[in-house]
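Please keep the sequence and the structure open while reading.

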Amino acid sequence: MPFMSYLISVLRSGASITTVLTLGSTGGYVAYKDHSRFPRMMSAYRSGGILPPLEENKFQLPYFRRPNLEKTLKQCMSSTLSNDYHLVVGDIGSGKSRLVQEVIREMMTESSGEGAPIYVSMAQGKTFADTLAEAVHFAFDEHISFRFFCDYVLGIHSFPKKDEAHRLTRVLDAIEKSSCDYLKLTGKPVVLVIDGMDALVKYAPNTMRKLQEKAKLWADTNIVKIVFVSSNVCMMSELEDSGWSRAAPPVTVSDLTDEEAVSFLTSPGTSDTAAPMNAATAKSIVDLIGGRINYLRVFKRDHLCGVEAKVTASGLLRREKDKFLSASQNPSQWKVIEILRKSPRKTLRMSVLMAQTSAEDVASLLRSNILCIHSASQNLEVKFESRLAENLVDSFDAK
Ligand SMILES: Nc1ncnc2c1ncn2[C@@H]1O[C@H](COP(=O)(O)OP(=O)(O)O)[C@@H](O)[C@H]1O
Ligand SMILES: [Mg+2]
């Protein structure tokens with residue numbers, strides 16, 4: 001029947017035309033998406049960025065400026081060709097993250113689209129790969145990537161992998177290629193600040209290793225400057241790995257000086273109603289806890305809420321005492337504490353302390369955040385973690 005065969009051939013050709021059109025338009029769309037990926041990433045490199053929830057926080061205590069550190073950090077995070085990758089180190093709670101974020105915010109407004117650092121914290125988001133991708137405006141677009149399209153729809157290759165390591169490789173690969181173009185276009189490297197190195201080392205060591213390798217390669221080729229933010233303890237243990245020897249000398253964020261600490265406590269807070277703290281109270285707080293900003297801010301916040309300093313102090317001391325609890329029941333760990341507290345300035349060279357005690361006990365006290373290490377004139381020195389810990393250790397005896 002000519003009519004029937006005609007109808008079938010029309011339907012058949014219609015179906016093939018539809019298939020060809022669908023594949024063609026989908027293919028075109030995904031190719032466009034792949035093509036537009038790099039321009040999107042370049043715009044992130046130009047503007048810099050901090051992702052929510054760290055992007056802005058109006059409910060924090062007002063930022064206390066630290067001009068010398070800000071200047072050094074600005075130099076370290078500037079998009080100059082340095083052939084180096086960088087480290088920002090300091091004790092836990094010394095104010096590294098806040099400082100880095102504030103300096104980046106300032107650099108972002110100053111740069112007006114000519115390049116500013118991109119900040120990524122391990123603490124943000126679901127996984128590091130996802131957070132990094134979001135920060136550099138890289139969309140995985142798994143459903144519409146051209147490769148996925150070829151792999152899945154046309155069956156050219158096997159089904160693409162979607163695991164975490166593969167996702168990280170994809171983002172790093174895209175950063176590598178796009179920052180190469182960015183360097184050619186602007187003459188500047190991309191600056192990537194990675195905060196929370198402690199957590200990466202602890203929970204995602206493979207990610208950390210990969211980042212360290214990239215940091216070296218990217219520093220050699222000047223396409224991306226990575227700035228790692230890490231606690232002293234984490235950095236000291238990492239330094240045993242020779243991989244870090246290629247890094248520039250670290251920028252150290254130390255505690256506030258006593259004068260700075262008093263000025264931080266006596267400066268006004270966000271609330272207009274509460275009167276700032278008086279200098280005598282501030283001085284007595286600093287004598288007790290020193291210049292660790294993480295402790296100082298608790299006193300300041302409580303003062304602004306009408307809580308007396310002695311109430312805050314007893315709460316803080318109670319929590320600090322709890323830290324010592326397990327050490328006080330472990331004779332060999334307590335021996336380390338005893339030796340250190342009887343030393344001049346309650347400080348000892350690491351090698352001297354190790355000779356009299358065991359590496360295991362010292363490491364365990366470092367992990368419990370009772371002790372900390374600093375490098376001083378080529379030597380590693382062990383101290384109590386803060387003035388608060390130092391004062392507290394004198395007030396009780398070993399069980
Ligand atoms: N310069 C500063 N001014 C005001 N608050 C600060 C300042 N630096 C740190 N803080 C506050 O102290 C706390 C600890 O600081 P953070 O930056 O997280 O320390 P670190 O990253 O070194 O562990 C945070 O609540 C932070 O907002
Ligand atoms: Mg931090």
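## Terms and basis

Two strands are said to pair if DSSP finds at least two bridges between them. Helices (H or I, at least four residues) and strands (E, at least two) are DSSP runs, numbered from the N terminus.

This is a predicted model, in which local features need pLDDT of at least 70 and side-chain atom pairs count only at pLDDT 80 or more, while totals for chains, interfaces and linings use all residues; side-chain values use heavy atoms, with hydrogens and water left out. Residues are numbered from 1 along each chain as its sequence is written, and chains are lettered from A and ligands numbered from 1 in the order in which they are written.

## The parallel sheet

An open sheet is formed by 6 strands in the order β1-β3-β4-β5-β2-β6, with parallel pairing. β1 (49–50) and β6 (251–253) stand at the edges with a single partner strand each, so one side of each has no neighbour in the sheet.

Strand β4 (residues 190–195) pairs with β5 in the parallel sense over 6 bridges. Here L192 has I226 of β5 as its bridge partner, and V191 stands opposite K225 in β5. Strand β2 (residues 86–90) also pairs with β5 in the parallel sense, over 5 bridges. In this pairing, V88 has V229 as its bridge partner in β5.

Buried means under 20% relative accessible area, exposed over 50%, and partly exposed in between (1.4 Å probe, protein chains only). In strand β5 (residues 224–231), 8 of the 8 residues are buried, so the strand is largely enclosed by the rest of the structure. V224, I226, F228 and S230 point one way from β5, whereas K225, V227, V229 and S231 point the other way. In a regular strand the side chains alternate between the two faces of the sheet.

Helix α4 (residues 128–135) has 7 of its 8 residues buried, so this helix too is largely enclosed by the rest of the structure. Its buried residues are F128, A129, D130, T131, L132, A133 and A135. Just after α4, H137 takes a positive phi of about 60°.

## The ligand site

Which residues are the closest to ligand 1? They are F64, G93, K96, S97 and R98, out of 16 residues that surround ligand 1, counting a residue as near if one of its heavy atoms lies within 4 Å. α3 (96–111) and α12 (293–304) each supply at least two residues of this shell.

The backbone also approaches the ligand. A polar backbone atom of F64 is 2.8 Å from a nitrogen atom of ligand 1. An oxygen atom of ligand 1 lies 3.3 Å from a backbone N or O atom of S94, and an oxygen atom of the ligand lies 3.0 Å from a backbone N or O atom of G95. Taken alone, ligand 1 exposes 560 Å², of which the protein buries 84%; such areas come from the Shrake-Rupley method with a 1.4 Å probe.

## Loops and local geometry

P52 and P53 are joined by a cis peptide bond with omega of about 5°. P53 lies in the loop between β1 and α2 (67–76).

N83, in the loop between α2 and β2, has a positive phi of about 60° although it is not a glycine. At 36% relative accessibility, N83 counts as partly exposed. N369 also has a positive phi, near 65°, and is found in the loop between α16 (359–367) and β8 (371–376).

Methods: Polar contact = N/O pair within 3.5 Å; in protein donor to acceptor, adjacent residues only side chain to side chain.
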